[in-house]
Structures are given as C-alpha cells and as structure tokens.
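Open the model in your viewer and keep the selection panel at hand. The tour goes from one selection to the next.

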Amino acid sequence: MKFSDQLEQRFATMVTHYPTKRSVLVPMLLYIQDELGTLTDEAIHEIAQRVELSELEVRNVVSYYSMLRTHPVGKYNFQVCTNVSCLLRGADDIFEHCKKKLGIANKGTTPDGLFTVEEVECIGACSWAPAMMLNYDFHENLTPEKIDQLIDSLKKKEQQ
Amino acid sequence: MAYLVSHPDEVKVVSKRFGKGATDLDRYLELDGYKALQKALTMQPDAIINEVKASNLRGRGGAGFPTGMKWSFVPKQSPKPKYVLCNGDESEPGTCKDRLIFEHDPHSVIEGVMIAALAVRSKTGYIYLRGEYRYLIQIMEKAVADAYARGFIGKNIFGSGVDLDIFVHSGAGAYEVGEESALMESLEGKRGVPRIRPPFPAVVGLWGGPTVINNAETLASVPHIILGGGEWFASLGAPKNGGTRLFCMSGELERPGVYELPMGYNLKKMIYDVSGGMVKGKKLKGVVPGGSSVQILTADELDVAMDFDSVLKAGSMLGSGGVIVIDEQMCIVKFALRVTQFYQHESCGWCIPCREGTDWMKKTLVRMHSGGGVAKDIDNLKYLAENMLGRTFCPLGDAAAMPIISYIQKFRSEFEDHLNGKPCPYEKVAEVALA
C-alpha cells in the first residue's frame with residue numbers, strides 16, 4: 001500500500017524525532033485514519049511493517065485509543081460531549097436533538113453516509129458548554145436551534 | 001471558538017498574551033518572548049532550579065507537586081539521554097485551560113520546555129497534545145517550525161553552543177494518558193497503561209532515560225518566573241502555593257470562562273463575583289473545585305482559599321483547576337452516574353479494583369437512577385469505592401472512587417430518594433415543567 005505524498009512526508013519526518021520507530025505509531029494511525037476515513041486492514045498491515053511490529057501489536061494499540069477506529073463513520077461526525085460541565089448546561093437535550101433530527105441512534109450513521117452522531121467524553125470546552133466537535137472543529141454554547149442550522153447548512157452544501 | 005473573559009481581580013501572568021496575537025513569532029518577541037530562554041542560557045542549571053524552587057510553583061496538572069523539586073530529582077549525569085515531556089493531554093472533565101495556552105501563547109510552552117531542558121541538561125523536549133486538539137497541534141507545529149527557522153530551537157541556540165530539539169506529538173483519545181507514566185507509554189507507541197512506580201520518571205522515564213514531565217500550564221509559568229524572579233512569582237500567591245492559576249469556571253454561571261486568579265483566591269468570590277453568580281433562577285447545590293475526580297463541596301463549604309493546601313483541608317482537592325458549579329436542578333445520582341460512566345469508560349482495565357469497581361458502580365447507579373435501587377445499594381456503592389482507594393497502579397482508581405464517596409456522605413438523602421421503585425425526583429420535575 002502506498003501512502004499519499006503528504007503522509008509519506010510526515011512519516012519520513014516523524015521517524016527522525018524518536019529513538020524507536022514505534023513511537024510514531026499513535027499519531028501516524030490518526031493521520032492515516034484522517035485520509036482513509038478508517039484504519040483498514042491494508043493500512044494496519046502497512047504501518048506494522050514500517051514500524052517493525054506485528055499486526056496484532058498494532059491492533060492492540062488501536063483498540064486502546066477512543067479516536068482510532070476500524071469502521072467507517074459519516075462524512076460529518078457529530079461528537080457530542082455529555083460529560084458533567086456540558087450535562088449541567090443541557091447536553092442531554094443537545095444529544096437527543098441531534099439523534100432525532102438525523103434519525104439515528106448513538107454511534108449510528110445516516111443511510112447516505114453523511115452524518116454520524118456519537119456521545120463523547122470531555123472535549124475540553126467546559127466553560128463554553130454545551131459543546132461538540134464536528135470532525136475536528138469545536139462548536140460551543142450549543143442550542144437545539146444552532147444544531148438545526150448546522151445540519152441544514154451541511155445538507156444544503158451536499159446538495160449543491 | 002472559545003471566547004476570552006476578563007475580571008478586574010485577575011492577575012494575568014500565564015494569560016497575559018491571550019488575545020494579543022502572540023502565535024505570531026514577531027509579536028511574541030515584542031511581548032518579551034524568548035527573553036527568559038536567553039536569560040536561562042546564561043544561568044547555571046542549578047540556579048534555574050533554585051529560581052523555580054523559590055517561586056513555589058506547583059504542578060498545575062492536578063497533583064500540585066513542587067516543580068523545582070521534581071526537576072532536582074533528575075540525576076546530573078546519566079548514561080542515557082534525558083528528556084522533557086510537556087503534558088498537554090488535558091482531559092479531566094471540567095478542565096479547559098491548557099487549550100487556551102496552546103491557542104493563544106504557543107511559544108510560551110516551547111520556552112518553558114526549553115528552560116526545563118536547560119535545568120536538567122536535556123537536549124530533547126516533546127510536547128504531547130491530546131488528539132482531539134487538532135487545531136492546536138497545527139498551531140504548535142507552526143510555532144515550533146517558526147522557532148527552528150530563527151535558530152531559537154535546534155543547533156547552537158542563540159549562539160550559546162547548546163543544542164536543543166523540540167517535537168510536537170499527537171495523542172488519539174485517552175484520558176488515562178494524562179497520567180505521567182501512561183503518557184510515556186503512549187509516546188513510545190504503546191497502549192497508555194501506567195507503569196509501576198518507583199522507579200519514578202525523573203530516574204527512569206522515556207526509553208529508560210531520566211524524564212521531567214510537567215503540565216502545559218506549569219511549563220508556561222516557567223518563563224515568567226525566570227524573567228520576574230522566583231520571589232516575585234511566589235509573592236503573587238499563597239504560602240507554599242506560588243503564583244496564579246487558570247481556573248476553568250463551568251456550570252450554570254452568568255459568566256463562565258477561564259480566569260487567571262492568584263493562588264488562594266476565595267472560592268465563593270470566584271463563583272459569585274468573578275463568574276457573576278448563578279444564572280437567574282438557579283440556586284447553587286454544590287461545587288466540584290478541581291475537576292471531576294475530586295470531592296464535592298456543599299453550598300455551606302465554599303468559604304475556602306483556592307490553593308492546594310487549603311482545599312485539601314476543606315476536604316477536597318484543588319486538582320486541575322476545573323471548578324464545576326452544580327445547581328439545584330441537577331440530580332446528584334445522575335451526576336454521580338455521569339462521572340462514573342466516564343471513569344468506567346477510561347479505565348484501562350489493568351488493575352482489577354478499577355476495572356471491576358468502576359463497572360459495578362456504574363451498573364448500580366444506572367439501576368438506582370432508573371428506579372430499581374434497593375436500600376443496600378448505597379452502602380454497596382460506598383464499599384466498592386472505598387475498596388478501590390489506594391489499590392491501583394495509577395490515580396484513576398482513586399479519581400473514580402473519591403467523588404462517589406463524597407456525594408454519598410454529603411447528599412445521602414438524594415440517593416435515598418431514588419430507592420424502592422421511586423423514579424428520579426428531578427426527572428419528574430422536568431416532565432411536569434414540560435407538560
């Protein structure tokens with residue numbers, strides 16, 4: 001399997017940062033996932049060879065980190081924080097609203113593959129609660145109306 | 001994006017460049033950037049450590065260990081390379097301060113790491129950020145690249161003959177990696193399972209070499225200490241608790257936000273003056289003063305100075321600086337369930353008391369909150385929590401147990417209100433209000 005030029009470059013630079021090859025593993029897995037959408041068997045095989053580990057050892061690492069996944073998610077991944085600071089400011093309603101509006105359950109993806117909703121742990125937006133991440137972007141001080149606007153604008157964007 | 005707040009009682013040290021464009025290196029230099037590093041390059045390593053000792057700076061990640069002392073544990077001579085590791089895996093619920101430092105003042109973290117490296121004679125520093133903070137990783141990578149381009153990092157920095165490298169490293173979602181030995185495992189490309197201690201990281205750390213691990217806020221304080229002097233920094237705070245602290249105010253407050261206040265600032269004032277008090281119509285029920293892992297304080301226990309020692313005396317901990325204010329409309333059983341759900345999810349499963357304890361506590365709380373609780377559940381919960389305390393490799397077990405014990409001690413009647421088929425009284429209120 002060939003990595004994209006960008007990934008190749010990142011890998012080549014990163015291996016020089018550490019005394020052991022496997023030290024690049026956690027960030028590299030995340031960067032690979034960003035490009036492929038998920039950690040495919042092929043990708044795990046490739047990175048295992050590069051850092052001189054067995055595939056099993058790589059999978060053992062993958063299963064530990066909550067952001068790493070071996071299944072695809074929607075193009076727009078709504079990661080709604082429901083931890084305490086968000087809970088105090090109505091996160092349950094926000095989470096319910098997202099699921100209802102998109103017609104999916106927790107960790108579900110819409111049939112068109114566009115949206116996923118996921119309940120996540122604290123994302124470090126406690127003073128601006130309730131909050132969520134849309135892929136890597138923070139959305140804070142949420143209201144059901146803001147969620148509606150966000151989903152509607154993304155749907156509109158996809159229709160164009 | 002996270003907006004900034006301000007209050008006249010604030011003493012801005014770590015946050016003094018927030019909102020001033022200091023991500024730009026030239027702007028950072030205008031605002032006294034890299035002056036502390038240049039000063040440190042003229043100092044003996046021991047003199048740097050003594051200055052930090054004199055500042056009474058204590059670890060801002062949560063444990064409050066004296067930073068200068070931590071640095072002094074690193075052996076002067078070592079056959080293996082020494083490392084400095086900045087812990088930016090901020091994930092304690094209620095905590096959102098390191099995020100602002102990385103976003104607004106990335107070079108101050110780099111400078112702090114470099115000064116720490118000079119103090120312990122290390123040539124390599126790593127800045128580990130949680131994977132969710134992708135935009136901050138980009139900011140940090142750019143800051144590091146800019147500093148390399150000017151010769152502030154790399155070979156022969158500022159013409160001093162000292163070589164020093166700094167690298168940015170991304171995590172991929174794991175609370176437990178915030179624990180220092182788990183952080184090292186993660187950086188080495190493994191599951192973030194904590195190591196048994198001793199040996200401590202200062203002696204055997206990254207790849208077996210002596211390693212200093214400090215929280216991002218701790219390291220960002222260091223350049224200010226070197227420039228202003230340890231004595232000055234110490235004088236800003238309380239006895240044995242030097243300087244200021246970024247307090248993350250959350251909950252139903254009029255003005256939630258991150259405020260930089262002197263160590264020892266009164267908690268009640270922090271809530272009612274600085275944060276503007278409760279949102280109209282809400283009443284305060286309790287406060288979790290240092291991130292979700294610490295004991296709750298009731299509305300009558302808030303007259304406390306927010307420094308490590310005073311909060312401990314008051315029966316809780318200053319922890320990570322995440323002040324979570326709970327209002328009367330929040331059910332304590334539900335709150336306990338959400339806290340336990342978090343620790344159950346984040347437990348790595350290595351230590352049985354933590355893995356099994358958090359799971360049983362969660363199951364009990366789920367049942368209780370949904371109306372299926374029985375009288376002995378309350379004491380069972382307490383028993384489970386008490387038997388996790390001090391029986392795990394890393395503090396995650398304690399972090400899961402301590403809050404639950406305190407909720408039961410201080411709000412037992414709310415747990416009792418959920419027994420024998422009684423539905424959660426708070427959910428009922430919400431339903432009536434909706435109808």
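**Domains of chain B**

Start with chain B and colour domain 1 (25-236), domain 2 (244-327) and domain 3 (332-434); these bounds come from an automatic or database domain assignment. This is a predicted model, in which local features need pLDDT of at least 70 and side-chain atom pairs count only at pLDDT 80 or more, while totals for chains, interfaces and linings use all residues. Residues are numbered from 1 along each chain as its sequence is written, and chains are lettered from A and ligands numbered from 1 in the order in which they are written.

Next, show domain 2 and domain 3 of chain B, whose centres, taken over C-alpha atoms, are 22 Å apart. Here 7 residues of domain 2 of chain B are in contact with 9 residues of domain 3 of chain B (C-beta atoms, placed from the backbone, within 7 Å).

**Where the chains touch**

Now show both chains: 38 residues of chain A are in contact with 49 residues of chain B. On the chain A side, select α2 (25-36), α4 (55-62) and α5 (84-87), each of which supplies at least two residues. Helices are DSSP runs of H or I with at least four residues, strands runs of E with at least two, numbered from the N terminus. The most comes from α2(A), with 5 residues.

**A sheet in chain A**

Select the open sheet of 4 strands in chain A, ordered β2-β1-β3-β4 with mixed pairing (strands pair if DSSP finds at least two bridges between them). β2 (115-120) and β4 (137-139) of chain A are at the edges with a single partner strand each, so one side of each has no neighbour in the sheet. Finally, zoom in on A:Val80, which stands opposite A:Met132 in β3(A).

Conventions:
Two residues are in contact if their C-beta atoms, placed from the backbone, lie within 7 Å.
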